[in-house]
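Please read these notes with the model open beside you. Take the points in order and find each residue as you go.

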Amino acid sequence: MSELWKLGIMLVVGLLVAYGGILVSLVLGPRRPSKTKNYPYESGIQIKGNAHGKVAIKYFLVALIFLIFDVEAAVLFPWAVKVGDLKLIAAVEGGIFLLILIVAYLYALGKGAIKWLD
Amino acid sequence: MVELLSNPYVIWAIKTLIIFGAVMTAAAYMVWVERRVAAWIQDRIGPNVVGPFGLLQPIADVLKLAFKEEVIPDRVDRLLHFLAPGILFAAPIIAMAVIPYGPGLWISNPDFGLLWLLAATSIAGYGVILGGLSSGSKYSVLGGLRSTSQIVSYEIPMVIAAIGPAIGAGSLSLVDIVEAQKAMWFAVPQFIGFMVFLITTYAETNRLPFDLPEAESELVGGYHTEFSSLRFAWFFAGEYANMVIASSAVSVLFMGGWYGPLPGINIFPGVHWMILKVAFFLFLFVWIRWTLPRFRFDQLMYFSWKVLLPLALLNLFIATAFKVIW
């Protein structure tokens with residue numbers, strides 16, 4: 001049995017346990033809905049407006065910076081495996097790659113992308 | 001009988017059952033440990049009624065929650081509300097498939113094990129995010145938003161710190177990473193990376209001092225306000241199962257897995273070292289929860305982007321230099 005099949009079996013086991021449990025509890029528990037019970041909980045006061053209102057732009061900026069660095073990290077993994085064999089050349093090339101990203105990081109910091117308090 | 005036990009499929013099934021059972025039991029009993037240790041730190045007694053020393057408390061809790069009514073409020077996105085707790089609970093089961101707990105004691109050893117581990121632990125974050133955003137309650141939506149940017153921010157230092165062991169071992173297989181630490185743990189040359197990884201696991205599992213998505217004093221229950229019955233239990237148990245996986249990941253990546261602290265004491269490499277290390281890190285989770293106050297949200301963001309990220313990059317430099325010069 002190959003390692004991929006073992007991973008696949010664990011994937012199915014995980015999903016079965018998680019969602020099987022939820023389905024079983026749907027059957028086991030009582031079901032008595034009422035109007036007030038089905039209100040979303042907002043400290044018991046009358047609900048006003050929709051929950052999904054405006055979102056601060058800061059969250060969007062953080063997501064953008066995350067995108068840059070996540071791709072960078074994904075690129076670094078194959079490099080990390082081989083840097084021990086290729087020694088200095090790979091180390092220097094990795095340094096240049098990181099340097100470009102550090103410039104981008106400093107630019108984002110300078111523009112105030114991670115500034116949460118005004 | 002002997003033939004049956006030498007069948008590789010049967011051996012694999014037994015190993016899988018042992019690991020699955022051990023991780024799930026550890027997760028269930030972490031609830032008990034947390035309540036007892038919290039009581040001990042606050043000079044109380046804690047749960048001691050159900051069974052000897054209250055040891056049956058987790059079983060009683062899960063059974064009680066399974067028989068409770070599943071309240072699904074009107075404004076909820078029903079599909080995501082159903083999916084969210086399952087994602088959080090399935091992620092640690094998927095992640096445990098690649099973690100080596102002892103010599104020969106692992107479910108699977110693919111050559112991309114580290115990537116699988118990081119991917120599965122990040123998927124757990126989706127449970128929290130979807131749970132908050134699908135609820136249709138303002139508190140939950142705020143919790144979901146916070147957790148999105150928190151998980152996204154702490155993912156970067158965590159992944160970059162995890163590249164350190166990959167450089168040291170020259171492989172992404174977790175078994176190779178443990179074997180490479182036979183002479184010296186990666187926590188010694190890459191101490192900075194070890195600390196960064198340890199701190200980010202607290203943010204990834206939504207534990208204090210980074211439990212902003214939950215923040216019961218300001219957001220009621222945060223992302224799980226609108227969840228009841230077993231869906232709430234999955235959020236609750238999933239958090240502890242994720243803690244077990246995070247502790248195992250720290251032990252495997254930086255603390256030498258099943259190898260002892262010094263090459264001289266390596267006479268008994270085995271699963272007991274791994275159990276000791278995981279137990280220590282689990283206790284640390286509880287200890288820190290009852291010692292440190294919660295971060296403010298802007299401090300949380302500054303800490304990740306301006307402190308942890310540069311430190312993680314510094315660790316990358318140290319790990320590369322160590323590997324190239326050695």
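**Notes on the two-chain model**

1. Start with Ser229(B). This residue sits in helix H10 of chain B. Helices here are DSSP runs (H or I, at least four residues; strands are E, at least two), numbered from the N terminus. Is Ser229(B) buried or exposed? Ser229(B) is buried, because 23 other C-beta atoms lie within 10 Å. The cut-offs are these: buried needs 20 or more other C-beta atoms within 10 Å of the residue's own, exposed means 12 or fewer, and partly exposed is in between, with C-beta atoms placed from the backbone. The phi of Ser229(B) is near 55°, a positive value in a residue other than glycine. Most residues other than glycine have a negative phi.

2. Know what you are looking at. This is a predicted model, where local features need pLDDT of at least 70, side-chain atom pairs count only at pLDDT 80 or more, and totals for chains, interfaces and linings use all residues. Residues are numbered from 1 along each chain as its sequence is written, while chains are lettered from A and ligands numbered from 1 in the order in which they are written.

3. Check the confidence. pLDDT is the predictor's confidence in each residue, from 0 to 100. Chain A has a mean pLDDT of 83, with 99% of its residues at 70 or more. Chain B has a mean of 85, and 98% of its residues reach 70 or more. In chain B, confidence is lowest in helix H9 (residues 216-219), at a mean of 72. It is highest there in H8(B), at 90. In chain A, the lowest is helix H2 (residues 57-86), at a mean of 86, and the highest is helix H1 (residues 3-28), at 88. For the complex, the predictor gives an ipTM of 0.86 and a pTM of 0.89.

4. Lys87(A) has a phi of about 50°, although it is not a glycine. Where does Lys87(A) lie? Lys87(A) is in the loop between H2 and H3 of chain A. Lys87(A) counts as partly exposed because it has 14 C-beta neighbours inside 10 Å.

5. Now see where the chains meet. Two residues are in contact if their C-beta atoms, placed from the backbone, lie within 7 Å. The contact takes 53 residues from chain A and 62 residues from chain B. On the side of chain A, the elements giving two or more residues are H1, H2 and helix H3 (88-110). H1(A) supplies the largest share, 17 residues. This side of chain A divides into 36 nonpolar, eight polar and nine charged residues. Ala, Val, Leu, Ile, Met, Phe, Trp, Tyr, Cys and Pro count as nonpolar, Asp, Glu, Lys and Arg as charged, and the others, Gly among them, as polar.

6. Tyr139(B) reaches across to chain A. Tyr139(B) is found in helix H6 (residues 138-169) of chain B. Tyr139(B) is buried, with 23 other C-beta atoms within 10 Å. Leaving aside neighbours within four places in sequence, Tyr139(B) is in contact with Glu42(A), Leu219(B), Val220(B), Gly222(B) and Thr225(B).

7. Find the core. A nonpolar core is a set of buried Ala, Val, Leu, Ile, Met, Phe, Trp, Tyr and Cys residues joined through C-beta atoms within 7 Å. The largest one has 117 residues, and Phe197(B) and Val244(B) touch the most other members. Helix H10 (residues 229-253) of chain B gives this core its largest share, 17 residues. Not counting residues up to four places away in sequence, Phe197(B) touches Met158(B), Ala161(B), Ala162(B), Val250(B), Leu253(B) and Phe254(B).

8. Finish in a loop of chain B. Gly270(B) is in the loop between H10 and helix H11 (271-289) of chain B. Gly270(B) counts as partly exposed, with 13 C-beta neighbours inside 10 Å. Not counting residues up to four places away in sequence, Gly270(B) touches Gly102(B), Pro103(B) and Trp258(B). Pro261(B) is also placed in the loop between H10 and H11 of chain B. Pro261(B) and Lys182(B) are 79 residues apart in sequence, and 9.2 Å apart in space, C-alpha to C-alpha.
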